[in-house]
Amino acid sequence: MRHPLVMGNWKLNGNKQMTGDLIDGLRKALSGVDGCDVAIAPPVIYLDQAKHALSGSHISLGAQNVDINLSGAFTGDISAEMLKDIGAKYIIIGHSERRTYHKESDEFIAKKFAVLKEAGLIPVLCIGETESENEAGKTEEVCARQIDAVLNALGADAFKDAVIAYEPIWAIGTGKSATPVQAQAIHQFIRQHIAKKDAAIAEQVIIQYGGSVNDKNAAELFTQPDIDGALVGGASLKADAFAVIVNAAAAAKNAG
Ligand SMILES: O=C(CO)COP(=O)(O)O
């Protein structure tokens, strides 16, 4: 059975003080949780501080991006080896904010997936459709295309021990989450799409939901069989709300 993963994506938020305070709060709120993997992805400049603050806890460290190059003349970039060196485990790639603001293509994101696997890190591959694509009935087509970029370049094996986050763009930061039934339908589609290449790989891949997940709607989302935790933005900046979400995932797992 799959272990859910609840991961906080802090995006471009926080400072030294907040990093320390939030991690303190999370350690207290999450000390007894069992049955759910937990990770946080602070801004890269706070990763080292976060790593030390998390030491001895079961909360893993994540990062929000990686470059495709390992070293050399690439000003401003951060390599997979550097993220590994600092102790990060789960690395978000293909977030819609990077696809939009940094013009990252499906193929470019597949290269990031490859460098992370090569370094022994866990890619958290974000996929999802825009509101207009959703209204045009293109959700499955968009998700399949985004997954196929990795499947075609690296094969289904690449998804062993990897994470996919289905994040409909219209649900991110809007307060308008997908309904549990809507999300389940797409999660099932994603799993079946990978199963066409390799059923065993599809069965074990973690598929998180992301997009306005909060302490009120998380429990119902996690009752769905193909929703394996969440990638959380805004609500991951509050220890109490994030802890409610983690506990809901653990409770759903322990009930199922
Ligand atoms: O983009 C997200 C996580 O990566 C979701 O953000 P919100 O939870 O703020 O909607």
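Which residues in α1 meet which residues in α11? In this predicted model, local features need pLDDT of at least 70 and side-chain atom pairs count only at pLDDT 80 or more, while totals for chains, interfaces and linings use all residues. Residues are numbered from 1 along each chain as its sequence is written. Helices (H or I, at least four residues) and strands (E, at least two) are DSSP runs, numbered from the N terminus.

L22, G25, L26 and A29 in α1 meet A239, D240, F242 and A243 in α11, where two residues are in contact if their C-beta atoms, placed from the backbone, lie within 7 Å. By class, this contact has 6 nonpolar, 1 polar and 1 charged residues. Ala, Val, Leu, Ile, Met, Phe, Trp, Tyr, Cys and Pro count as nonpolar, Asp, Glu, Lys and Arg as charged, and the others, Gly among them, as polar. The axes of α1 and α11 are 9 Å apart, and the two helices pack at an angle of about 40 degrees. Axes are lines fitted to C-alpha atoms, for helices over the stretch in contact, and angles run from 0 to 180 degrees between N-to-C directions. The α1 and α11 crossing is right-handed; a crossing is right-handed if the near helix is turned clockwise from the far one by less than a right angle, and left-handed if anticlockwise.

Helix α1 (residues 16-29) also packs with helix α2 (residues 47-54), their axes coming within 10 Å and crossing at roughly 25 degrees. α1 and α2 are therefore roughly parallel to each other (angles under 35 degrees count as roughly parallel, over 145 as roughly antiparallel, 65 to 115 as roughly perpendicular and the rest as oblique). The crossing of α1 and α2 is right-handed. On the α1 side, K16, T19, G20 and I23 meet Q49, A50, A53 and L54 in α2. The residues of this contact comprise 4 nonpolar, 3 polar and 1 charged.

For helix α7 (residues 139-154) and helix α8 (residues 180-195), the axes come within 10 Å and cross at roughly 40 degrees. This angle makes α7 oblique to α8. The crossing of α7 with α8 is right-handed. T139, E140, C143, A144 and I147 of α7 make the contact with I186, F189, I190, H193 and I194 of α8. The residues of the contact of α7 with α8 divide into 7 nonpolar, 2 polar and 1 charged.

The ligand is surrounded by 14 residues, of which the closest are N9, I172, G210, G233 and G234; a residue is near a molecule or strand if its C-beta atom, placed from the backbone, lies within 6 Å of it. The shell around the ligand has 5 nonpolar, 8 polar and 1 charged residues.

An unreviewed UniProt entry lists N9, W10, K11, G173, S212, G233 and G234 under "binding site". These residues are spread over 226 residues of sequence but cluster in space, with a largest C-alpha distance of 13.9 Å. G233 is placed in the loop between β8 (229-232) and α11 (239-255). Under "active site", the unreviewed UniProt entry lists H95 and E167. They span 73 residues in sequence, yet no two of their C-alpha atoms are more than 8.4 Å apart, so they gather at one spot. H95 lies in the loop between β4 (90-93) and α4 (96-101). UniProt positions are given in the numbering used here, feature names are shortened, and annotations may be inferred rather than shown by experiment.
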